[in-house]
Amino acid sequence: MSAGSGVLARAPRMRRFWGYRELLRGLIVRNLKVKYQRSLLGFVWTLVNPLLTVTILVVVFSHVVRIQVPQYWAFLLSGYFVWNFMLQTLSTGTWIFAEHSRLTRSVSFPSEILVFSAAGSRLIEFAAEIALILLATILLLHHSVPASYVLVPLLVLIQVVMAIGLALPIATLSVFYHDVYHALPIALASLFYLSPVFYPASMVPEALRTLYFLNPIAGLLTLYHDVVYAGQWPSAVLLAGTALQAAIVYAFGYAVFHRYASVFAEVV
Amino acid sequence: MELRGVSKRFYFYEHRTSSLREWFIRRILRRPIHVRHAAFSLRNLDLRIQPGESVALLGHNGSGKSTVLRLVAGIYRPTSGTITTAGRITAVIELGAGFHPELTGVENIRLYGAVLGLTRPELQARYDEIVAFAGMDDFLDTPLKYYSSGMEARLAFSVAVCLEPAILLLDEVLAVGDQAFRARCLERLRAFHARGGTLLLVSHELDSIQELCTRGVWLRAGRVVQDADIATVLAAYRADRPPARDISREDP
C-alpha cells in the first residue's frame with residue numbers, strides 16, 4: 001500500500017492488477033451481455049449508427065462539399081470507426097466511477113480496472129467492426145490483401161493505450177468536478193472537426209501541421225488512412241511518433257489517476 | 001493484523017465546490033474553495049488481533065466501527081499510523097456490491113467472486129459449495145432482478161462466506177435471510193473460526209455476536225472504551241444503553 005512512484009513501486013501495482021484479471025474479464029462480459037440481452041439484432045445495432053453517419057458524411061462530402069479524395073467511402077470507413085471507438089470509450093469511461101460507486105465505496109480493488117473494462121468491451125466490438133472493414137476494403141477497393149494490413153493489430157494496440165490514457169484522467173476529474181459531464185460532449189464535438197475524420201490530414205495547411213498533430217488522435221487516424229485506405233506502409237516517423245504520443249498520454253493519464261485514486265472511496 | 005496509532009480524519013463540508021465555474025469565482029473573490037471542518041473518525045487507535053481470533057466491534061452509529069473495517073480492507077487510507085495485515089482479506093462491507101440485476105444468479109456469483117479478488121480456478125473450486133450453501137438451485141439461471149431482496153442478500157452472503165480468506169471482515173451483514181439460513185451462516189462462520197480463520201465483525205445483533213466472538217472491542221467517538229473478552233464487554237455495553245433522547249439524535 002505504499003504510495004511511492006517510479007518503476008519499483010509500479011511492479012506490485014501491476015501484480016495486483018494481474019491478480020484481478022478475472023474481474024476485468026467478468027466486467028467486459030457483463031457489459032456486452034447487458035448491452036445485447038434481449039435484442040434480436042444485437043451487434044447489428046452497434047453497426048447501424050456509425051454506418052448511417054458514414055452514409056450521410058459520404059453524401060455530404062462527396063456531393064455537396066466536395067472533398068477531393070478518391071473512393072471517399074473507403075477513406076471514411078477506415079477512420080470513422082476508430083473515431084467512434086475513442087468517442088465511446090471516453091464517454092462511457094467518464095461515467096464509470098460514478099456508475100460503480102457502491103463497488104468503489106465497499107471493495108478494495110484496483111479501480112482502473114473499471115476504465116479498462118469500458119475500453120475492453122468496446123474493443124471486442126471494434127475487433128468485429130475492423131474485420132468487416134478490412135474485408136470490405138480487400139474485396140471492393142484493393143482487390144488483394146495489402147501487406148500493410150499486418151500493422152493493423154499494432155494500430156489497434158496504440159488506439160487502446162491512447163483511449164485508456166485519455167479516459168483515466170477525465171474519469172478522475174469527473175469524480176471531483178461534475179462539469180466534466182457538460183464539458184466532455186462539447187470537447188468531443190470540437191475534436192471531431194479537429195481530427196482527420198472526414199478530411200485527410202494532408203489538407204491541413206503545412207504551417208499548422210505540427211500544431212495539428214499535437215492532437216494524438218490526428219496521428220492515429222492518419223495511420224489508419226495510410227494502412228487501411230491507401231494500403232501503404234506509413235512513414236516510420238508517424239508510426240513511432242504516434243506510439244510515443246500514446247505512451248506519453250497513458251503515463252500522464254495513469255499518474256493523474258493514481259494521484260487521486262486512493263480517495264475515490266471517500267468522495268464518489 | 002495490527003493497527004498502530006491509526007487516525008482517520010474526514011472532512012465534513014459546509015460548502016463543497018464541485019463545479020469549475022464556482023472554483024474560478026471563488027478564486028477571484030479570494031474566498032475559500034471548500035468550507036469544511038475536520039473530524040476524526042478514529043483517533044490514535046491501537047488494535048492488535050492475532051490470527052484465529054474472532055473479534056466484534058461494538059459501538060453506536062458513528063463511533064468508527066465501519067471505518068476500522070474499511071481501513072483494514074484497504075478501502076480507506078489512514079490519515080496517520082500504520083496498518084499491517086497478513087494473508088488474504090475478504091471484506092463484506094456491502095452485500096452484493098457489483099451485482100448486476102440483468103445477470104443471472106450464476107453470472108453474478110462469478111462476477112462477485114471476481115470482485116472479491118478470486119481467480120477463475122479458485123472460484124471454480126468453490127462454486128459447488130457456494131451454490132449448495134445458497135440453496136436455491138431453481139433460481140440460478142434467473143436474472144437477479146426477479147429475486148427478492150432476501151434472496152439477493154443470501155446469494156451474496158453465500159459467495160462471501162465460502163471464500164475462506166485468512167481474514168474475514170463483515171459489516172452488519174449478519175441479518176440476512178430467514179431463520180434457517182441465518183443459523184447456517186452462524187454455523188459456517190463458527191466453522192471458519194474453528195479452522196483458524198480470523199474474524200472481525202461489526203454488528204448490532206448482540207446475540208449473534210455473543211455466539212460467534214471471543215473478544216469485544218467497544219468504540220466510542222473513535223477511541224477504544226473497552227477491549228476485553230466478549231461477555232465482559234457485552235455486559236458493560238448493554239448496561240450503557242443511551243437514553244432515548246440520544247437514539248433519536250443518532251438516527252433522525
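Mentor: Chain A has twelve helices and zero strands in its secondary structure. Helices here are DSSP runs of H or I with at least four residues, strands are runs of E with at least two, and both are numbered from the N terminus. This is a predicted model, where local features need pLDDT of at least 70 and side-chain atom pairs count only at pLDDT 80 or more, while totals for chains, interfaces and linings use all residues. Residues are numbered from 1 along each chain as its sequence is written, and chains are lettered from A and ligands numbered from 1 in the order in which they are written.

Trainee: Why is B:Gly113 called buried?
Mentor: B:Gly113 has 26 C-beta neighbours inside 10 Å, so it counts as buried. The label buried needs 20 or more other C-beta atoms within 10 Å, exposed means 12 or fewer, and partly exposed is in between, with C-beta atoms placed from the backbone. B:Gly113 sits in helix α3 (residues 105–115) of chain B. Leaving aside neighbours within four places in sequence, B:Gly113 is in contact with B:Leu118, B:Leu123 and B:Val159; contact means that the C-beta atoms, placed from the backbone, lie within 7 Å.

Trainee: How do you know whether A:His143 is buried or exposed?
Mentor: A:His143 has 8 other C-beta atoms within 10 Å, so it is exposed. This residue is in the loop between α6 (112–142) and α7 (152–176) of chain A. A:His143 also has a positive phi of about 55 degrees, although it is not a glycine.

Trainee: Which strands are the edge strands of the open sheet in chain B, and why?
Mentor: The sheet has three strands in the order β2-β1-β4, with antiparallel pairing. Its edge strands are β2 (35–48) and β4 (80–84) of chain B, as each pairs on one side only. Two strands pair if DSSP finds at least two bridges between them; ten bridges join β1 (residues 2–15) of chain B to β2(B).

Trainee: How many residues does each chain give to the contact?
Mentor: Chain A gives 22 residues and chain B gives 25 residues. On the side of chain A that touches chain B, α2(A) gives the most, with six residues. That side divides into nine nonpolar, seven polar and six charged residues. Here Ala, Val, Leu, Ile, Met, Phe, Trp, Tyr, Cys and Pro count as nonpolar, Asp, Glu, Lys and Arg as charged, and the others, Gly among them, as polar.

Methods
Two residues are in contact if their C-beta atoms, placed from the backbone, lie within 7 Å.
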